[in-house]
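Hi everyone, thanks for coming. Let's bring up the picture.

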Amino acid sequence: MVVGKKLAKESLLPSVLEDDDAETESERAQLGGIGSRPPSRPRKAFSRGSVDRQTVTRSGSGRHSSPEGEVSVRSERKEDEEEEEEGSGVGDGDSQERGKECVITASDEDYDTDLELGDVKEAYDPTGQTRYREACRMFNVVPVSYFLKHMGNTELTMMHHGLGPQGTKALAVSLVTNTSLLKLNLRDNCMEGTGGAAMAEMLKENCYITEVDLGENRLGECGAQTLSSMLQENTTLVSLSMSGNELADRAAQHLAQTLTSNTKLETLDLSHNTIGDAAGQVLGHAIAENTGLKSLSLAWNCIRGKGAVALAKGLGANIFLRTLDLSYNGLGKDGAVALGEALKDNNTLEDLNISNNRIPPEGAIRFTMGLKVNKTIKKLNMGRNPIQTAGCYGVLKAIQGNAESAMECLDFSDITVNQDFEDLYVALKDIFPNIRVKHGGRIDTFRKPKA
């Protein structure tokens, strides 16, 4: 009966035999000739002949669980594996390749393929360096390293860099989208009218730059016209310098038309140009109509005669201008008289420079008529005019007679004065203790004292 039970056990499924290992061990001991089965050699997970790391015996094989039988089973399994590989026509190399293809690692999952490169987008460049390099290639110019290093600053000074028209164009392209720069100084870069037009187009788009210096760039009428057009659209620029740009009457006429409509520009420098009488007349009308300018420089021009008179009349009607520089022109007697009349009406001007204007003593005395009633002028420069001691004395006398005068500084550089002037100055300081006077010295300084 025991032998029959054993045979029945061998015909069962392998998994059942494995589950009843404990029971077969005791039965084998009862048979007397068979010892207990030693523990099976551990096998790798998912290897042939094992399920869930448990040894599986083939049903109906008639193999016995003895040490010798276990060795023969392993050899037979190896032969079966080789037969299966030969039957499938797959060699060792192919099986290794098949095994490699089944392995998935974390590095494979993170690997970026070429197909993903098309989705990569370039980061936005707020400074405009990328656009500047591309523009330099387009206009065939060498990029300025100083500009690349400092284009992210709030203030950029690039005087005397020799940009030229093409280099200015490349610079303007990159500044269209620049959001950090507030003050720009490009004085003396030979940009000419073409470069000036490029800067004008840039300033139409850029809404961050507030101060620009384009002095000494030979802009001419073309540059002045494009910049005038820009001022009609730009609402952020408060300071513009166009000094030394060969601007004549026609260029000034373009600017004059703009000044009647622009209310944002506060400082305008048109010095060191060739603006003459005709431009003085249109500029006078523009000054009268303008409601934004606080500082205007027309120094070192050719304004005289009727142009000077028209300019002075415009000043009388202006109610915003604080500083006016008319030095190194040709106002003469008529211009000085017209300015005196303007000071009677103007109640905002604080700083007036009319030095080196060929004003004679009579013109200076007529000019003082306005100082007798003016209440806002704090600084007056009349130096290097042939007004002599009489003209200087007349100015002091007019201020002495104006109790509401705001005068703080008088400049009579290179004009000699006499003792009478010095005595009046001492008396004036008793009324206005803070007033300061500069002159070219006393006439009798080197005279020998009387014996």
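**Helices side by side**

Let's start with a contact: Ala-308, Val-309, Ala-312, Leu-315 and Gly-316 of α14 meet Asp-334, Gly-335, Ala-338, Leu-339, Ala-342 and Asp-345 of α15. Sorted by type, the residues of this contact are seven nonpolar, two polar and two charged. Please keep in mind that this is a predicted model.

How do we describe a pair like this? For two packed helices, we give the angle between their axes and the distance between the axes. Here, α14 covers residues 305-317 and α15 covers residues 332-345, and they pack at an angle of about 10 degrees with their axes 8 Å apart. Angles under 35 degrees count as roughly parallel, so α14 and α15 are roughly parallel to each other.

Now for another pair. Helix α9, residues 164-175, and helix α10, residues 192-205, have axes that come within 8 Å and cross at roughly 5 degrees. Therefore α9 and α10 are also roughly parallel to each other. Among the residues making this contact are Pro-165 and Leu-175 from α9, along with Ala-198 and Met-202 from α10. By type, the contact has six nonpolar, three polar and two charged residues.

Finally, have a look at α7, residues 129-139. Which of its residues are buried? They are Tyr-132, Ala-135 and Cys-136. Looking down the axis of α7, the buried residues fall within an arc of 105 degrees, so they line one face of the helix. Arg-137 and Met-138, on the other side of α7, are exposed.

Technical notes: Residues numbered from 1 in each chain as written. Predicted model: local features only at pLDDT ≥ 70, side-chain atom pairs only at ≥ 80, totals over all residues. Heavy atoms only, no water. Axes fitted to C-alpha atoms, helices over the stretch in contact; angles between N-to-C directions. Helix = DSSP H or I, 4+ residues; strand = E, 2+ residues; numbered from the N terminus. Parallel < 35°, antiparallel > 145°, perpendicular 65-115°, else oblique. Contact = heavy atoms within 4.5 Å. Nonpolar A, V, L, I, M, F, W, Y, C, P; charged D, E, K, R; others polar. Buried < 20%, exposed > 50% of the residue type's maximum accessible area, 1.4 Å probe, protein only. Arc of directions from axis to C-beta.
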